[in-house]
Amino acid sequence: MLARARRAPWWLSVLAVYAASRIVSTGILLHVASRQPANAWTPAQPGYFDFARLWDGTWYWIIAAGGYPDAIPRDEAGLATENAFAFMPVYPFVVRGVMVLTGLEFAAAAVAVSVVAGAVAALLLHRLVRTWLDERAALLATALLCVAPISPILQVAYAESLHLAMLLGALLLLLERRYAPLAVLVTIMALTRPSGLAFALALALLLAWRWRRHRRGLEPFPVRERVELAAVTVIAGLAGLAWPGIVALATGDLTGYTDTELAWRRPYVGPVELVPFTAWWQGARWWLGETAGPVVLALVLVAASASFALPQMRRMPVAIRCWIIAYAVYLLAVFFPQSSTFRLLLPLAPALGALAAGALAVRPRWLRALIVVTMLAVSIAGQYGWVHIAWWVDGIDWTPP
C-alpha cells in the first residue's frame, strides 16, 4: 500500500490530504456547533450550513442576496457604522452565480465555493513549494496548510480560500514570468480580499532586486521584461485602490471605504483616523498593557525579521520572499491586531515551505518523524482552540474570526 501511495500522482496525494483534513475540520465544527447556544445569527445547536455562515458570512449573504447599500450608513456623530462595503464583491458574486445555476441556498453555495477553492489552493501551494523543494517537503507544507489552526476557514462562508487560490496562482505566474495573465489575476484577486497594494509592493521590491543584479552583471533583465514587470506593478497598485474608488463613486463619499473599515476598530480604541503603522502599537497596548504590549510587539517583529536569515528561508525564491515581506509590511501599515489577524496571516502560506524543509532536515529519522507528527497534532488541536475561541458565539465576544 505504501508503494502504491508513493506511485500515486502528486495531485491525487494532495487531494487525499485535503479531503482527510476537511473531514477532521468538519468534525470539529460540528462538535462545537452542537454546544452553540442561540444567538443573533443561529438557533441553538445549528446545523453545519447555518454554523458556517456566522460572522462575516452574514455580510456576504447580504451582498449575494441584495447587493450593496446606496450610501455609507453613519451614526449621529457622522461616523460610519459597520456595513457591506467592507467586503469586496468577487466572492459573494461568485456564490450568487452558483446559487442561480444550482438552486442552492446561500450557505450551501458559499461552503461549496470555499471548499473547491481550498482544494485548488492546496494543489497550487504544492506546485509553488515544489519549485524550490522536493516532493516530500511540498507535500508536508501542503498538509500543514490543510490542518493549520485556521484551516476551518477554508470551508465556511468566507472569501479566504478563494483569495488564497488566486494568490498562489499569481505567485506561480510571477515565478514563470507570465506577466499578462498575472495582471488579470491580480486585478480579480484585489477585488476578492485586500491585497492589491501588498502585491504591488512585492513586485516593486522584485523589480528593484532584479535591476540591481542586472547592474552588477549577475542576471540579465531585458528591457521588455522590465517594462512588463513595471506595468504589472502599476496595475496591481491601481487594483489595490480600485475598491475604495468604486465605493467613493457609488456613494459619493470619498472616504467611505476607509471610514467603514475603521468602524470595526472603534470598539477597541474608539474613533480614530487611519494613520499608517500606528494600529499595531495601539492594539498591542490595548490587548497586553502599556508596557508589555510594545515589548511583545517588538520581540515578534525582531523574530520575524531574523527568520529570513534561516537557510530554509534563504532557499526560497526571491519573488516569494518579496511577497512575504510586502504582505507583512501591509498588515503592519493598515490592519488593527485582533483575533481576526490569525486568518489574515493565511496569505503567508508559502512560508510553510520553509517550515516543512526545516522539519525534514532534522536527524535522526525518529526525531524527524516525531517533530512532523507533533506539528500536525498541535495544528489539529489548534483548530479546536480557534473554532472555540473565534468562531463559537458566547454572547459577549471580543474574539471574532
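**Exercise 1. Work out how enclosed helix α7 is in this predicted model, and say what encloses it.**

Solution. Start with the count: 9 of the 12 residues of α7 are buried, so the rest of the structure largely encloses this helix. Next, name them. The buried residues are Ala-137, Ala-138, Leu-140, Ala-141, Thr-142, Ala-143, Leu-144, Leu-145 and Cys-146. Finally, look for the cover: it includes α2 (10–33), α6 (106–130), α8 (160–175), α19 (352–360) and α20 (365–391).

**Exercise 2. Check whether the length of α7 fits its residue count, then find what caps its N-terminal end.**

Solution. Helix α7 runs over residues 135–146, which is 12 residues. The expected span uses 1.5 Å times one less than the number of residues. That gives 16 Å for α7, and the end C-alpha atoms are 16 Å apart, so the two agree. Now the cap: go to Asp-134, where a side-chain oxygen sits 3.3 Å from the backbone nitrogen of Arg-136.

**Exercise 3. Describe how α7 packs against α20.**

Solution. Two packed helices are described by the angle between their axes and the distance between the axes. Here the axes of α7 and α20 come within 9 Å and cross at roughly 25 degrees. That makes α7 roughly parallel to α20, because angles under 35 degrees count as roughly parallel. To see who makes the contact, pick out Arg-136, Leu-140, Ala-143, Leu-144 and Cys-146 on α7, and Arg-368, Val-372, Met-375, Leu-376 and Gln-383 on α20.

**Exercise 4. Find the residues with the most contacts inside the largest nonpolar core, then list the contacts of Trp-323.**

Solution. The largest nonpolar core holds 114 residues, and Tyr-91, Leu-182, Phe-199, Trp-323 and Trp-391 have the most contacts inside it. Helix α6 gives the most to this core, with 12 residues. Now zoom in on Trp-323. Skip its neighbours within four places in sequence, and Trp-323 is in contact with Leu-167, Leu-171, Ser-195, Ala-198, Phe-199, Ala-202 and Pro-347.

**Exercise 5. Classify Thr-58 and Val-302: buried or exposed?**

Solution. Take Thr-58, which lies in helix α4 (residues 56–66). Its relative accessible area is 16%, and buried means under 20%, so Thr-58 is buried. Beyond its neighbours within four places in sequence, Thr-58 is in contact with Trp-41 and Arg-53.

Val-302 belongs to helix α15 (residues 292–306). At 56% relative accessibility, Val-302 counts as exposed, since the cut-off for exposed is over 50%. For a distance check, pair Val-302 with Val-275, 27 residues apart along the chain: their C-alpha atoms are separated by 22 Å.

Technical notes
Residues numbered from 1 in each chain as written. Predicted model: local features only at pLDDT ≥ 70, side-chain atom pairs only at ≥ 80, totals over all residues. Heavy atoms only, no water. Helix = DSSP H or I, 4+ residues; strand = E, 2+ residues; numbered from the N terminus. Buried < 20%, exposed > 50% of the residue type's maximum accessible area, 1.4 Å probe, protein only. Contact = heavy atoms within 4.5 Å. Polar contact = N/O pair within 3.5 Å; in protein donor to acceptor, adjacent residues only side chain to side chain. Core = buried A, V, L, I, M, F, W, Y, C linked by side-chain atoms within 4.5 Å. Axes fitted to C-alpha atoms, helices over the stretch in contact; angles between N-to-C directions. Parallel < 35°, antiparallel > 145°, perpendicular 65-115°, else oblique.
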